[in-house]
Each structure stands twice: as structure tokens, then as C-alpha cells.
Amino acid sequence: MEFDLKTIEALAPDQASLSAASRLTKQSNWPRLEKSEQLALLWGECQGSGSNPYRVVVDTGDHGYKCTCPSRKFPCKHTLALMWIAATTPASFAAAGSTPEWVNDWLGRRRKTSPQPTGPAPGAGGKSIGEISLDDESTVVEDAAAVERREAAQRKRTQDTQSAVSAALDELDQWIADQLRLGLAGFVDNSSDRCRRIAARLVDMKATALAGRIDEIPSRLMGLRSEERPDAAIRELGKLVLLAKAWRSTPGDAELRRLVSTSENREQVLANPEAIQVESIWEVLGEKIETRRDGLVSHSTWLLNLKSASPQFALLLDYFPASAGRRSNAFTSGDRFDARLVFYPARQPLRALMTDRKGDVPSGEWPDFGFDAGDPLAAHVAHQDTAPWLTDCPVMLPPGAILLDDRGAAWWQATGDPHGIALPIADTVNPTLLGLDLTATAALWNGSRLDLLAAQSRFGRLDLS
């Protein structure tokens with residue numbers, strides 16, 4: 001009868017559904033929560049906006065489910081919330097004295113078993129062999145018709161989703177035009193409320209991933225100095241315009257659909273023949289854990305391919321509810337291991353799934369990647385050329401050092417060029433790192449700031465995340 005949050009996250013159709021489910025886990029939303037250990041079932045009634053509560057039942061054995069709400073997401077937020085309660089507060093479910101009729105009806109339809117034949121054998125007064133083959137053929141025809149109906153329904157859902165997202169992008173264009181018309185200063189000062197309103201509208205119109213991105217714009221702006229915010233706002237809004245334009249040209253593109261609407265699940269990525277697979281030695285550069293405004297925590301783990309001739313990065317991205325608390329980490333910065341990664345199809349593949357982690361590998365120096373000392377952001381430029389809507393881009397910086405300016409802000413500066421390239425650093429830096437010669441530094445560049453991950457020095461590897 002147990003559920004874990006990782007299973008629930010894997011079942012969820014998108015992040016918006018998880019966020020909506022998190023708001024339904026209060027006991028007051030569920031006037032009825034019951035379970036049957038014998039039948040391996042959980043069920044409950046969730047009070048919605050109507051007079052009658054939604055009825056939800058979940059099979060804990062194979063994760064089958066049924067909800068009476070009209071949602072087109074499967075599983076819906078009510079189903080996810082019921083599973084969530086089972087994972088976090090299983091004592092909320094009372095042992096049922098009897099199974100409700102509506103649960104029995106659903107159970108009967110799911111777990112029908114074909115009765116064993118009790119009549120005479122074929123040729124002995126029962127069905128003939130010819131009659132059996134005709135029945136079988138009829139069953140095949142019926143099954144083919146059912147498959148066609150399902151495929152037609154799926155095509156219709158896809159078309160409906162594309163129409164809704166297209167309308168959402170039209171509304172986004174108008175919203176961006178309004179922000180520019182009203183002035184960037186006003187947008188920066190009121191970005192939280194303005195972004196929240198358009199994000200809620202986009203969720204309603206099925207552009208859920210894009211809504212989550214817009215919801216995070218205020219925090220990105222507030223992380224900058226006030227004089228930098230207008231320029232950053234232009235970049236953020238410009239990237240949204242480019243992303244919307246790209247989606248309109250190829251709405252079936254997997255990467256664009258992932259950024260605008262919903263992402264593929266693990267099984268879909270692994271089954272995709274276009275997904276790149278790389279088996280190599282990987283090092284954990286570091287991790288970034290951020291709490292989002294939608295109630296989810298984004299957990300990013302960045303890896304470096306140690307066998308690649310040029311720097312190749314991979315991102316393992318996970319989401320979990322903030323209410324679940326901090327989870328134990330599967331990786332430690334500096335770990336090295338042999339593993340196979342499967343990358344989500346993209347113009348610049350970064351996000352990946354780990355399918356096969358083998359043995360650990362001893363630590364050592366990073367390989368010589370042949371840095372472009374003249375342009376340490378060349379990788380960022382290449383990313384922007386192919387996918388200009390991207391935000392954070394991993395880069396491997398050439399030899400340099402971390403210094404402080406007159407205002408106490410930290411900068412990375414290339415070695416041997418006191419008047420050359422210098423890049424601002426987002427966070428405060430450990431004073432022991434100041435002035436230290438770094439032979440290579442891995443970081444994320446968002447267009448205005450570096451987010452340091454790790455570095456190599458004559459003292460060995462340094463964890464900077």
C-alpha cells in the first residue's frame with residue numbers, strides 16, 4: 001500500500017499537475033479517505049468547485065487509477081494528490097469496512113477474468129473449429145476498431161492542445177507588447193504580479209512549461225543590480241518571443257514542445273530513436289537546488305564527460321514538491337563513474353537520463369580541452385546561434401583567477417591579461433579562493449553572471465557550487 005514521491009513524479013503528466021496536486025493534499029479537501037489492504041486499493045472523495053465531490057480510486061499494485069473529474073490530464077491532479085497523501089501521511093486512510101459500489105464497478109471492469117469453458121469440446125455438440133476462428137476474427141476486428149478510436153482520440157487531443165498553445169502564444173505576444181508599451185521600468189518594478197498573472201493564464205491554455213519559465217523571471221531580475229535589470233528584462237522577453245516564433249514554425253518539435261507545453265516522460269525519451277546515447281566516464285561538477293514559485297523544487301546535477309575531446313556537459317534534472325523537504329542526494333560533487341546517459345533530443349543536447357551507472361572511477365585531473373582563451377564564452381555563442389531561447393549555458397573557462405572589484409563584487413578574469421576579459425560572478429566567493437590560479441573552471445553563464453560549479457588548481461579539484 002506504499003507510494004513514494006519519485007513514483008508520483010514519474011506518473012505526473014507535467015510539472016503543473018504536480019504543483020496543482022500539492023495544493024490538494026490538505027485533509028480538509030478530502031471528506032473521505034479509505035483503503036483496502038486485501039484489494040490493494042486506495043480511494044477518496046475530493047471536494048471540488050461543484051456540489052458533488054470527485055471520486056478517486058487508485059490501484060497500488062499497478063498504479064491504475066480512475067477519477068470522475070473532467071480533466072484531460074492523466075493522471076489528473078486529484079489522482080496525484082491521493083497518491084501524494086498515501087506517500088506522506090498514509091495514516092490519513094481509514095481501513096474500509098466495505099468497498100463502495102463505485103469502486104467495485106471500476107474494479108470489476110479492470111480485473112475481469114475470462115471464464116474457463118465448461119461446455120462440450122468442439123466437435124462434440126459445442127462450437128465447431130470454424131465457429132471459433134470466426135469469433136476470433138471478429139475479436140481482432142473489434143480490437144482494431146478500438147485501436148483506431150484511441151488513435152483518433154489521441155490525434156484530436158494533440159490538435160486541441162496545439163490550438164490552445166497557439167492561442168496562448170498569441171496572448172503572450174500581446175502581453176509582451178503591453179509591457180514594452182508601458183515601459184520597462186514599470187515592468188521591472190511590478191514583474192512579480194505581472195508575470196504571475198500571465199503565467200496563470202498560460203497554464204489554463206496548456207502552455208504549462210512556458211508559464212513556469214515566466215514565473216521565474218522576477219527572481220532572475222531581482223538577483224541583479226538595479227541598473228542591470230532593464231537590459232536583463234529585454235533579454236528575457238526577447239527569448240520568449242524567439243521561442244514562441246520557433247514553436248509556431250514547428251509545433252511538433254520535441255524540444256520546443258518540452259519548453260512550451262509538456263515534457264516527455266522517461267519511457268518516451270528512452271524509446272526515442274533520435275535520443276543520443278553516450279557511454280563514458282562522467283564527473284559530477286556540482287548541483288543547484290532552487291525552490292520555484294509553483295511549489296516545486298528544481299534539483300539540477302551537472303556532469304562533465306571526461307573522455308570527450310571538447311567539453312561536453314550533461315544535466316540531470318529532477319523536480320519534487322517543496323513540502324517533501326530536502327531529499328538525500330544520489331551524487332556527490334567530484335564523484336566519477338562509468339555510465340550511459342540518454343540525452344533528450346534537442347538542438348544543443350544537455351538534459352539527460354542515466355540508464356546504466358557502473359563502477360566508480362578514481363579522481364584525477366581534467367583532460368586538456370584546448371581552451372579558446374580569446375573567447376571564453378564561445379560555447380555560449382554557439383548555443384545561442386542554434387537555440388537563442390536558452391538561458392543557462394555551461395561553459396569551461398580557460399586559466400584565470402577570481403578577483404574582487406572596488407565594490408566587493410567577485411569577477412573571474414583570464415590569466416595574463418589584466419585589461420582583458422572579465423566576467424561577473426553571481427554569488428559570494430569563499431575568500432580563500434581569491435587570487436588563486438585556476439587552470440580550468442566549469443560554470444553556468446546566463447548572459448550576465450557566472451554561476452561557478454567547480455575548478456582545477458595546483459591544489460587539486462575545487463568544489464565551487
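A polar contact is a pair of N or O atoms within 3.5 Å; within protein, one must be able to donate a hydrogen and the other to accept it. The views below show a predicted model.

**View 1. Polar contacts of the Asp463 side chain.** The side chain of Asp463 makes a polar contact with the side chain of Ser333, at 3.2 Å. A polar contact, also at 3.2 Å, links the Asp463 side chain to that of Ser465.

View 2. Strand S17 spans residues 460–463 and includes Asp463. With a relative accessible area of 46%, Asp463 is partly exposed, because values between 20% and 50% fall in that class. Apart from neighbours within four places in sequence, Asp463 is in contact with Leu285, Ser333 and Leu453. Leu452 lies 11 residues from Asp463 along the chain, and their C-alpha atoms are separated by 8.8 Å.

**View 3. Strands S7 and S8.** Strand S7 (residues 296–305) and strand S8 run antiparallel and are joined by 9 bridges. Ser300 has Leu317 of S8 as its bridge partner.

**View 4. Helices H7 and H8.** Helix H7 (residues 191–204) and helix H8 (residues 208–215) have axes that come within 8 Å and cross at roughly 170°. H7 is therefore roughly antiparallel to H8, since the angle is over 145 degrees. From H7, the contact is made by Cys195, Arg196, Ile198, Ala199, Leu202 and Val203; from H8, by Thr208, Leu210, Ala211, Ile214 and Asp215. By class, this contact has 8 nonpolar, 1 polar and 2 charged residues.

Note on methods. Residues numbered from 1 in each chain as written. Predicted model: local features only at pLDDT ≥ 70, side-chain atom pairs only at ≥ 80, totals over all residues. Heavy atoms only, no water. Axes fitted to C-alpha atoms, helices over the stretch in contact; angles between N-to-C directions. Helix = DSSP H or I, 4+ residues; strand = E, 2+ residues; numbered from the N terminus. Parallel < 35°, antiparallel > 145°, perpendicular 65-115°, else oblique. Contact = heavy atoms within 4.5 Å. Nonpolar A, V, L, I, M, F, W, Y, C, P; charged D, E, K, R; others polar. Pairing = 2+ DSSP bridges. Buried < 20%, exposed > 50% of the residue type's maximum accessible area, 1.4 Å probe, protein only.
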